[in-house]
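Hi everyone, thanks for coming.

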Amino acid sequence: MAERSTHRAVLNDPTINFVLNDNMGPALGYLYADYIFDLSALAGVPCDNGVTVQEGVTCKLSDSWEDLSPRFVADYHLTDSAMVFFSYAKGYKAGGFNSVEVASRFDNEDVQNFEIGLKSDLGANARLNISAFTYDYDGKQSIRLVVPAGSSVPQYLVETSDDTAWGLDMQLDVQPIEGLNLFANAQYIDATYNRKITDAGDLAGQPTGEPLWSASVGASYRQDLGDAGSLDMQVVHAYRGEGRCNTTSTGQGSCLKTPWFDPSEAQNRTDARLYWRTANQRYQLGVYVNNLFDNQYVTGVNNITATTLGTPFVGLTEPRMWGVDLTYAY
């Protein structure tokens with residue numbers, strides 16, 4: 001896939017200038033001139049329209065990025081029931097500009113992925129798939145809230161990092177008897193930074209936060225009731241391993257362990273469902289329970305605003321929830 005994109009930023013807003021020139025800033029509760037438009041620290045930084053950053057002068061930035069993002073897949077049948085495959089894919093996201101930081105821009109994001117694996121039918125109604133993969137991000141984009149030197153007004157900026165990872169995917173499906181299906185899948189991934197500059201220094205070699213292991217197991221069973229329809233039952237258990245910490249996540253608290261909660265602890269959740277269908281499958285009545293054992297966790301600890309606004313926040317996983325649903329197909 002070929003992609004081309006062009007971005008242009010013009011840093012001289014007439015509406016804001018109107019507010020400033022008519023001294024409306026203080027009346028609206030904003031001190032624009034003291035903070036956002038104090039360009040003294042950037043004086044002399046070149047713009048793309050032949051000027052340098054300075055008060056009262058329009059600074060234009062323009063750039064373009066283009067990329068070819070191919071995907072190649074090759075497979076080979078070892079037997080009628082086993083196949084090996086290899087794939088390569090490249091992804092791309094255009095660069096851009098930090099609109100709140102004069103004369104600031106960031107390059108495009110690229111990712112390359114390699115995967116090799118085996119898909120097989122083991123006979124006796126069993127299937128096994130396994131693959132190994134690796135990917136590399138160059139210039140991965142993320143957002144960060146910072147307070148510029150000499151200012152008290154925080155601003156969102158796009159920062160970039162180089163990430164790398166490798167891992168394994170495994171999936172097993174078995175049908176031991178008619179109507180009963182068992183499945184299990186697991187993933188191992190080791191994701192680390194090659195480069196990420198933060199206030200704590202370069203996080204090179206440290207984990208990005210992804211847990212090493214995640215997995216799920218489950219079973220489903222269908223009982224044919226003849227003219228009375230059919231009964232389906234399903235139970236699924238999911239596991240997410242303990243989050244991995246780095247210098248920044250530890251400092252920000254997203255890996256902080258307290259006597260009350262641990263935001264990086266491993267998580268378990270079990271969902272169950274039972275539903276009945278009529279013989280013509282026109283009506284379906286179901287009962288379900290999500291998070292059967294009511295396991296709740298503190299997640300999404302995000303201190304992006306803690307050091308700037310004093311407002312750290314967290315999220316909580318959903319508690320046990322049950323319900324009944326009725327479906328009619330026509």
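Let me start with a question: does Arg277 count as buried or exposed? With a relative accessibility of 17%, Arg277 counts as buried, where buried means under 20% relative accessible area, exposed over 50% and partly exposed in between, using a 1.4 Å probe and protein chains only.

A quick word on what you are seeing: this is a predicted model, in which local features need pLDDT of at least 70, side-chain atom pairs count only at pLDDT 80 or more, and totals for chains, interfaces and linings use all residues. Residues are numbered from 1 along each chain as its sequence is written, and side-chain values use heavy atoms, with hydrogens and water left out.

Back to Arg277, then. Its salt-bridge partner is Asp232, with the closest N and O atoms 3.5 Å apart; a salt bridge here is a side-chain nitrogen of Lys or Arg within 4 Å of a carboxyl oxygen of Asp or Glu. Arg277 belongs to strand β15 (residues 267-277) and Asp232 to strand β14, so this pair ties together parts 45 residues apart in sequence. Helices (H or I, at least four residues) and strands (E, at least two) are DSSP runs, numbered from the N terminus. Asp232 is buried too, with a relative accessible area of 8%.

Across the whole structure, a search finds twelve salt bridges. One of them joins the side chains of Glu159 and Lys196 at 3.0 Å, N to O. Glu159 sits in strand β9 (residues 155-174) and Lys196 in the loop between β10 (180-195) and β11 (197-198), so they link parts 37 residues apart in sequence. Both Glu159 and Lys196 are buried.

Now the sheet. Eleven strands form an open sheet with antiparallel pairing, in the order β3-β4-β7-β8-β9-β10-β13-β14-β15-β16-β19; two strands pair if DSSP finds at least two bridges between them. At the edges are β3 (71-79) and β19 (321-328), each pairing on one side only. Within the sheet, β13 (residues 213-224) runs antiparallel to β14 over eleven bridges, and Ala219 has Val235 in β14 as its bridge partner.

Finally, Asn98. You'll find Asn98 in the loop between β5 (96-97) and β6 (105-106), and at 7% relative accessibility Asn98 counts as buried. Its side chain makes a 3.1 Å polar contact with that of Ser104; a polar contact is a pair of N or O atoms within 3.5 Å, and within protein one must be able to donate a hydrogen and the other to accept it, while residues adjacent in sequence count only if both atoms are side-chain atoms.
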